[in-house]
Amino acid sequence: MSHTGCKVPQHELLQMLEELKHGPETGSAASIVGIGLDSCVLRTSHPGIYLIQTTDFFYPLVDDPYVQGKIAAANVLSDLYAMGVTKCDNMLMLLALSLEMPAEARKIITALVMKGFRDTCREANTTVNGGQTVLNPWMIVGGVATYVASRDDFISPSGAQVGDVLVLTKPLGTQPAVNAHQWLNTPAFDKIKDVISPENTVKAYKMAMHSMARLNLTAARLMHQYGAHGATDVTGFGLLGHALNLAQAQDEAVDFIIDVLPSVFITF
């Protein structure tokens, strides 16, 4: 069921978003955290009340449809958690069913994906109320997370200070681990066979799969407990891309120094 996902390169995406950033609606005083970061934070018409919202979706990454549903929900919620938000008022589910999949298989797999998505939302103490389902050449799964907050409920990502400690809450390398697993028993695996064994490829894949399905809720709570000054969710653009995006959003001039990179990979 897995498929290679296609993400718009970061430099192209940022150029596209320039048009939205300069529009009259996004340039208004309503926007606290706007386009290009993990979640948008908007002032509402009610004093002291903010709307925090994010969306994300992608092609299946793993062979287990239930776990894929969990990964999709965790991925959407992580954008809220990156803002220090520890609650979610509602989730919408976005689902595209593959036209290339036999009808009976599509029925079984879709039910498992939806169950995984719902179970992770329950783990996060939120519910799924609504969404959109379409037919598509490839399966796509994702969602929209929404929270109505007071100012104390979220942490702006722009407040990094000299002396802050950077913390990674999960190991890196999930995408290479997934790709390596897809290459098993194919000629493509010859490219990496001198670096990692088939056995360790399976181990790395399982580590990556369960890491992606795990919520970052504890990390969001600890941000408040220890007075964090900002965070980001490291996903499709990798560590460097997201670190650059976060650095450019800072109010003060700071350097990000990252010298320890935990990884899911287990080499020979």
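I began with strand β4 (residues 90-98) and strand β5 (residues 128-136), which pair in the parallel sense over seven bridges; strands pair if DSSP finds at least two bridges between them. Strands (E, at least two residues) and helices (H or I, at least four) are DSSP runs, numbered from the N terminus. I noted that A96 has V134 in β5 as its bridge partner. From β4 the chain passes through helix α3 (residues 103-123) to β5 in a right-handed β-α-β crossover, that is, clockwise from the first strand over the helix to the second with the strands pointing away from the viewer.

The model is predicted, so I recorded that local features need pLDDT of at least 70 and side-chain atom pairs 80 or more, while totals for chains, interfaces and linings use all residues. Residues are numbered from 1 along each chain as its sequence is written, and side-chain values use heavy atoms, without hydrogens and water.

I next looked up the aromatic pairs (ring centres of Phe, Tyr or the six-membered ring of Trp within 6.5 Å; planes under 30 degrees apart are stacked, over 60 edge-to-face, the rest tilted). The whole structure holds two. Y50 and F154 are edge-to-face, at 5.3 Å centre to centre and 70 degrees between the planes. I found Y50 in strand β3 and F154 in the loop between β6 and α4 (174-183), 104 residues apart. Both Y50 and F154 are buried, meaning under 20% relative accessible area with a 1.4 Å probe, protein chains only (exposed is over 50%, partly exposed in between).

The ring centres of Y59 and W138 lie 6.1 Å apart with planes at 70 degrees, so this pair is edge-to-face. I recorded W138 as partly exposed, at 36%, and Y59 as buried, at 15%.
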